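Have a go at each task before you read its solution.

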There are 2 protein chains.
Amino acid sequence: MIKTSDEKYLRAIYQVSTSEKIDKTTISELAYYLDLKPPTVLERLKILKAEKLITYTKTNGIALTKTGYKEALNVIRKHRVWETFLVKVCKFGWNEVHELAEQLQNINSEKLIDRIFTLSGEPKFDPHGDPIPDKAGVLPTSQRRPLLNSVSGCKCLVLGVNEDSAEFLNYLTELKIGLNDKLYVEKIFSFDGSVKIKYKNTYSAVLSSKVAEQILITCTKAGCGCKNK
Amino acid sequence: MIKTSDEKYLRAIYQVSTSEKIDKTTISELAYYLDLKPPTVLERLKILKAEKLITYTKTNGIALTKTGYKEALNVIRKHRVWETFLVKVCKFGWNEVHELAEQLQNINSEKLIDRIFTLSGEPKFDPHGDPIPDKAGVLPTSQRRPLLNSVSGCKCLVLGVNEDSAEFLNYLTELKIGLNDKLYVEKIFSFDGSVKIKYKNTYSAVLSSKVAEQILITCTKAGCGCKNK
DNA sequence: TAAATTAATTAGGTACACCTAATTTTGTGT
DNA sequence: ACACAAAATTAGGTGTACCTAATTAATTTA
Ligand SMILES: [Mn+2]
Ligand SMILES: [Mn+2]
Ligand SMILES: [Mn+2]
Ligand SMILES: [Mn+2]
């Protein structure tokens, strides 16, 4: 049986290893993500390895085994289903749910998750646009890419964010940018890569490249020539 | 700040000390209720005492202080609100929710409990008929007493049960006895105190005194002479 | 009231999830 | 190739929540 503590690590390993900017999943990356010290993480990894949930070699770093991946996706499912429930049913803001979902994700009842999932309208994506795996561990697909790689004149739809942090989401909320909003890319400043956008008729903003990198969009203008990925 | 572990003990102390059949709340009673050994409980009680959440003297046993009582009722509230949500909104059976609510009761978010409470229809009583304290810690009242103390000819309404255990609730469910059902007391066998009831037009059953003791009812027949309490 | 029983307490563990400091291994730049 | 920096590992803690076995105190019961 997989323990609460295992779940935390498996989710972290999944998140770190699917993150764009990290090539190899190392102990120090994991420790940073989990806000723990490397020896603590190493100790637990040895157990996960013994449980055959991960493999770990110096050359390839940390990777999930088939079983480990299955378990990781199950935790991801629980986390994202709870987040969706909190936003859709309980009317929380998308910036308020991540930490709470981290508590709720280790409640141990498949039946409960099923009911919460139904109550939330059987969602395919969570409030941050992240795909929710089905019970078999299959992720729905969507072609999303960072707003950063757009060209001026592009018309986009916001499909998600790369960051869950309340800090970042608060910022977007302040700018009145949310999931499924339409953005018009007015200009890209090649100097620093910042992006000027217009949206919701009256709003406009200049987003730093750091912010534009975190906003995931899909281009809705046919053949606009924006570089995908 | 009150910890998860404190909450568990405070709820237990409340439950044991309000239980009819236990006169003094002792370490061994608590240990039995919590399924722990006495030294473990004693150790924790020392901390709770230092935190001024309980008082403990050999003569009076364990008692909650004002603060401790406040906290205990808050956990009780969370537990019972979750149970109600699980039954009313998630369509669980009343026999399936206690253990799950024990996990959920330590989720730390007042806002979440408020939303769950609203979604459940702002209930005053949980699925077992137990009163849900309001946010100020005030319990709604209802005059309930064991079915055991009835007289033949009595007409009763089931308002609750003394036992949460799945085992007991399964038994009642099998007999088709549930909350708010009307029972007609046909006969009391003075030999062993068992109670013959008729209900739902077609059903009838003989309940042992042990069972009748756990079913809480209110008498709906005026002046039927049944001994209250 | 003395003996027997039961409850409370003390003493001294284990397992787990974390830590710091020290050492060893690995990777990089010149 | 060598020196330096970064990452991994080892060694040896801490605090918390539990345990058993032994002792002491309090209650019953004879
Ligand atoms: Mn999240
Ligand atoms: Mn999310
Ligand atoms: Mn309960
Ligand atoms: Mn209940």
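**Exercise 1: the A–B interface**

Across the interface of chain A and chain B, 8 residue pairs are in polar contact, both residues at pLDDT 80 or more (N or O atoms within 3.5 Å, one able to donate a hydrogen and the other to accept it; residues adjacent in sequence count only if both atoms are side-chain atoms). This is a predicted model: local features need pLDDT of at least 70, side-chain atom pairs need 80 or more, and totals for chains, interfaces and linings use all residues. Residues are numbered from 1 along each chain, chains are lettered from A in the order written, and side-chain values use heavy atoms, without hydrogens or water.

Task: work out which helix gives the most to the side of chain A that touches chain B.

Solution, step by step:
- Helices α4 (66-88), α5 (98-104) and α6 (110-119) of chain A each supply at least two residues to that side; helices here are DSSP runs of H or I, at least four residues long.
- The top giver is α6(A), with 5 residues.

**Exercise 2: placing A:Q214**

Task: decide whether A:Q214 is buried or exposed, and find what it touches.

Solution, step by step:
- Start with helix α8 (residues 209-214) of chain A, where A:Q214 lies.
- A:Q214 counts as buried because its relative accessibility is 10% (buried is under 20%, exposed over 50%, partly exposed in between; 1.4 Å probe, protein chains only).
- Beyond neighbours within four places in sequence, its contacts include A:K21, A:N162 and A:F168 (heavy atoms within 4.5 Å).
- A:N162 sits 52 residues away along the chain, yet the C-alpha atoms of A:Q214 and A:N162 are 4.8 Å apart.
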